[in-house]
Amino acid sequence: MKSIEQCKQGLRAIVRFRRRSVFMMAGIAIGVATLSVLNSIGENTRRDTVKRVKNMLGTFDTVMVRPGGKTRGMVSLSNVDPSLKFEDAAAIAREIAGVKQVARLQNAFDIDVTYRDQQISPAVFGVSENWLALRGDEVEQGSFVSAEDDRRMMRVAVIGSDVRKSLFEQESPIGKTIRIGGVPFEVKGVLASRGAGPAGASLDNIVIIPVTTASRRLFNRDFLTMIIVQVKDPGDSTRVAAAISRLLRERHQLAPGALDDFNITDPQAVLAQLTKVNSTLAMILRGVAFLGMFGGGVVIMALMTLGVSERRREIGLRQSVGANRGDILFQFLFEAFVVASFGGFFGAAVSWGGVEAVAAYQKLPAVFDRQALLASIALAAIVGVVFGSYPAWKASRVDPVAALRS
Amino acid sequence: MILVENISKIHRRNDGAPVHALRNVSISISAGEFVTIRGASGSGKSSLLNILGCLDRPTGGSYRLAGEDVSSYSDRSLARIRNQKIGFVFQAFQLLPRTTAVENVEIPMVYSGGRVDRRRALRALERVGLGARARHFAAELSGGEQQRVAIARALINDPALVLADEPTGNLDFAASSEIMRIFKELHADGRTIVMVTHDESVAAHARRQILLSDGAVIADAAICAEERRR
């Protein structure tokens, strides 16, 4: 009964000092809104990154094999070991269970491509015909390189939309002859635009030719820059990756203990890595959000501490009519709790709008987690009590004799 | 009612030097007495009243209030005594200004453990003649009215002992007379009243005067009826 009556006294005090209460609520509300909005940004960014990576990797069912040890960055003929042979790709397709298909790739970046007086240096990819399906690319115009083109080492090319724009502008490129490293190729298709990769660079500045043609008639290299292995079951990729590793070590006659002369990217591992990168981002955002809450808590603490010094006479009076130190502590903690909870509630309401605005800006659907919202209101209440405990303790230590004399 | 034996109170100044606010004070006050405590400022009147009111503890000596030795009581027990047995009236009224008269009167009930009884608070205000002003904010009332609200608050839990620290010190003559009339009524009802005052004319209402100087009792005398009549 006593605590109920004391809570009423606390509520009256909140109303009595309404301006201060509103400022305290605002402090907490800003903290909660920051928390919710940053949470939403983090979640949206995570979803967006996963989408971009899918854009690059195609589906998550391809294991990538590259030559060399731990190669970093984009591979190219000029920066890799000549360890990965065409026969390795054939062996993988032939000997490993669970493999749906194997694509071969030979690529270079420093090759000039010209059409009449236009000259550019796109990425030149020699690929097997199944590349299209593995990448999830679409041919917008004409057709892709075929198995027949590859077998016959045809000088045909399929170009990305950026290349088309640079070389042909309004002209139709189909049937036109471009020169790749001085060698003439006939354009037989144009790829649909893919947009940006995870690093933000365009994936459309690309020229694709049959991989055998690339190897024998253009680059004169007998090794691959990448083998892409599509597995039948995406959940099986880790096992397939291990099997490929064993097979290649055997084929390359590596002694036990020797380092691999290739490296394998398991999509499951990539996904795990991504989640980790994102959790770092999420942690930073969460850190900033907690700083916001901390700021709200400091506002509560500062204003309440000022309030306690202003209310010394009230505290002394309450003690003189029978309040003990615990009663005073309780009332001030209760006031902090109520103010912070209301602040949290208003903050949640404000952040509703904020999240919608941020989502609109990011051009992504709003992520609104009701549970997170309730949690942030609860967090606000906890922050209120924690940061209110210092001023409440100070209030409980007020000496009534001194307070009533002032 | 009150039995104080050899109490002393020593404050420490900021530089650590001791200040003797009370030195070996012994007083006995029976139930139903009306006693004033007089003395120059700094003589220890307020220190004594704070100890009698269980707001402060003596540095030495013993204090028995209504048979209980409260010198060794905890903060919690002293708070209960203040709530149940003592009513305070202060020179500066000590009302919450942006709170209505009746809500001010209710405050002691908050700490009594029961429900706050609005009707009882209104009756207490009626008794001091302020029934009509119950819903006014304390800050809107005159000084005399504020002190009457404070008296109603002091009486709400029906304490046996009423302690007043210069209750008329901030009031004009008319308001002072009204306040003193109320105190005499309280005395007539059988309550024990201890009042600190500077004012001889106020002190003259009491049956007994205690004179303090430099923390010690220098005179403690009943005032004969003849003297009081003058």
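Which hand, left or right, does the crossing of α5(B) and α6(B) have? The crossing of these two helices is right-handed, a term used where the near helix is turned clockwise from the far one by less than a right angle. This is a predicted model, in which local features need pLDDT of at least 70 and side-chain atom pairs count only at pLDDT 80 or more, while totals for chains, interfaces and linings use all residues. Residues are numbered from 1 along each chain as its sequence is written, and chains are lettered from A in the order in which they are written.

**Helix packing in chain B**

- Helix α5 (residues 143–155) of chain B packs with helix α6 (residues 173–188) of chain B at an angle of about 15°, and their axes are 9 Å apart.
- α5(B) and α6(B) are therefore roughly parallel to each other, as angles under 35 degrees count.
- From α5(B), B:Gly143, B:Gly144, B:Gln147, B:Arg148 and B:Ile151 meet B:Ala175, B:Glu178, B:Ile179 and B:Ile182 of α6(B), where contact requires C-beta atoms, placed from the backbone, within 7 Å.
- The residues of this contact divide into four nonpolar, three polar and two charged.

**Contact between the chains**

- Chain A gives 20 residues to the contact and chain B gives 25 residues.
- On the side of chain A that touches chain B, at least two residues each come from α1 (2–16), α10 (312–320), α11 (325–362) and α13 (400–405).
- By class, that side of chain A has seven nonpolar, five polar and eight charged residues.

**Domains of chain A**

- The domain assignment of chain A gives domain 1 (2–53 + 273–405) and domain 2 (62–232), and the C-alpha centres of these domains lie 57 Å apart.

Terms used. Axes are lines fitted to C-alpha atoms, for helices over the stretch in contact, and angles run from 0 to 180 degrees between N-to-C directions. Helices (H or I, at least four residues) and strands (E, at least two) are DSSP runs, numbered from the N terminus. Angles under 35 degrees count as roughly parallel, over 145 as roughly antiparallel, 65 to 115 as roughly perpendicular and the rest as oblique. Two residues are in contact if their C-beta atoms, placed from the backbone, lie within 7 Å. Ala, Val, Leu, Ile, Met, Phe, Trp, Tyr, Cys and Pro count as nonpolar, Asp, Glu, Lys and Arg as charged, and the others, Gly among them, as polar. Domain bounds come from an automatic or database domain assignment.
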